[in-house]
Amino acid sequence: MTVAVVQFGGSNCDRDSVRALSHLGVDAERVWHEDGLPAETTGIVLPGGFSYGDYLRAGAMAARSPIMDEVRAAAEEGTPVLGVCNGAQIGCESGLVPGAFTTNRSARFQCERVHVRVENADTPWTDAYDAGDVLELPIAHGEGRFEIAAENYDRLEREDRILLRYCDADGDVTDAANPNGSTGNVAGVLGDRESVAVMMPHPERATLPDLDGTDGQGVLRGFRR
Amino acid sequence: MTAYTATVTVRLKHGVLDPEAETTRKALERLGFELDALRSADRFEIDLDAASAEEAKASAEEMAERLLANPTIHDYEVEVEER
């Protein structure tokens, strides 16, 4: 099994993702987007970064590159897909998950550690945790505010597809603990299938023990199934 | 075929927070201007050839639907002129 970490021009978390996955014993390799998905692909990471310089909207260009047709087809067949940060923006822009990630409420790029609460622990990405667990993960984004039409948000809640919400250290979901103004403090959501997820915080930056915190390991363990 | 310029204006849907516009408004106020509100929009000017203005408009609308606008947060409008 090999997890393909899709590298676009401007991706910059692809190496980190491969290294974090390798640390967990998951075979992973970087795949240049123009080369297409390798035949042996058993999982896909859309890594963070600034693909296409965030032109037009973050993720807009990468979402319309040819490899994303392959990613969508693989996702529909059940291949696990995780989009992180810019990968989450690409996931929204390409229709893998509903909603959009847009300019932070602060209008600033924010690079900080935040707390998120596990909302649904019955997914490959979260079954290492219990519902209500509080994780400390880094964020680094300027366009992370989750926006979604009210009826689609209600549907996400009804279908238990909200994966993570920003919270304080005690797990309380408050406006003060919402770093970017996301609707419902949403930090991560599921696609139509629970094998497809996107999130703005970086689990791969909280996986290696020498990098101050390993709370993100459980998310990446979703690829070990 | 006739040469047209299609102008696509993409703006945030009413009610969607626009932090960049808000920051711009504050900067204008710091410069001493008085204003009640400020909205920003993106404008794309697309030169294309089409059989009719309707066809040019339809083509530009598809561009907006598929790339220039994000329907989750944006509304858009298209105007077409012969060039």
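In which sense do strand β4 and strand β11 of chain A pair, and over how many bridges?

**View 1. Pairing of β4 and β11 in the predicted model.** Strand β4 (residues 81-84) and strand β11 (residues 196-199) of chain A pair in the parallel sense, over four bridges, where pairing requires that DSSP finds at least two bridges between two strands. Within this pair, G83(A) stands opposite V198(A) of β11(A). This is a predicted model, in which local features need pLDDT of at least 70 and side-chain atom pairs count only at pLDDT 80 or more, while totals for chains, interfaces and linings use all residues. Residues are numbered from 1 along each chain as its sequence is written, chains are lettered from A and ligands numbered from 1 in the order in which they are written, and side-chain values use heavy atoms, with hydrogens and water left out.

**View 2. The open sheet of chain A and its edges.** Nine strands form an open sheet with mixed pairing, in the order β2-β1-β3-β4-β11-β10-β9-β6-β7 (chain A); strands (E, at least two residues) and helices (H or I, at least four residues) are DSSP runs numbered from the N terminus. Because β2 (28-32) and β7 (134-141) of chain A each have a single partner strand, one side of each of these edge strands is left without a neighbour in the sheet. Neighbouring strands of this sheet are turned by 25° against each other on average, direction ignored.

View 3. Helix α5 (residues 150-158) of chain A lies across β9 (162-167) and β10 (186-190) of chain A, at about 105° to β9(A).

**View 4. The interface of chain B and chain A.** Here 14 residues of chain B are in contact with 15 residues of chain A, and the area buried between the chains is about 1,100 Å², of which carbon and sulfur atoms give 63%; buried area is the accessible area (1.4 Å probe) that two parts lose on being put together, summed over both. P19(B), L67(B) and T72(B) supply 40% of the area that chain B buries against chain A, more than any other three residues.

Definitions and conventions: Axes fitted to C-alpha atoms, helices over the stretch in contact; angles between N-to-C directions. Contact = heavy atoms within 4.5 Å.
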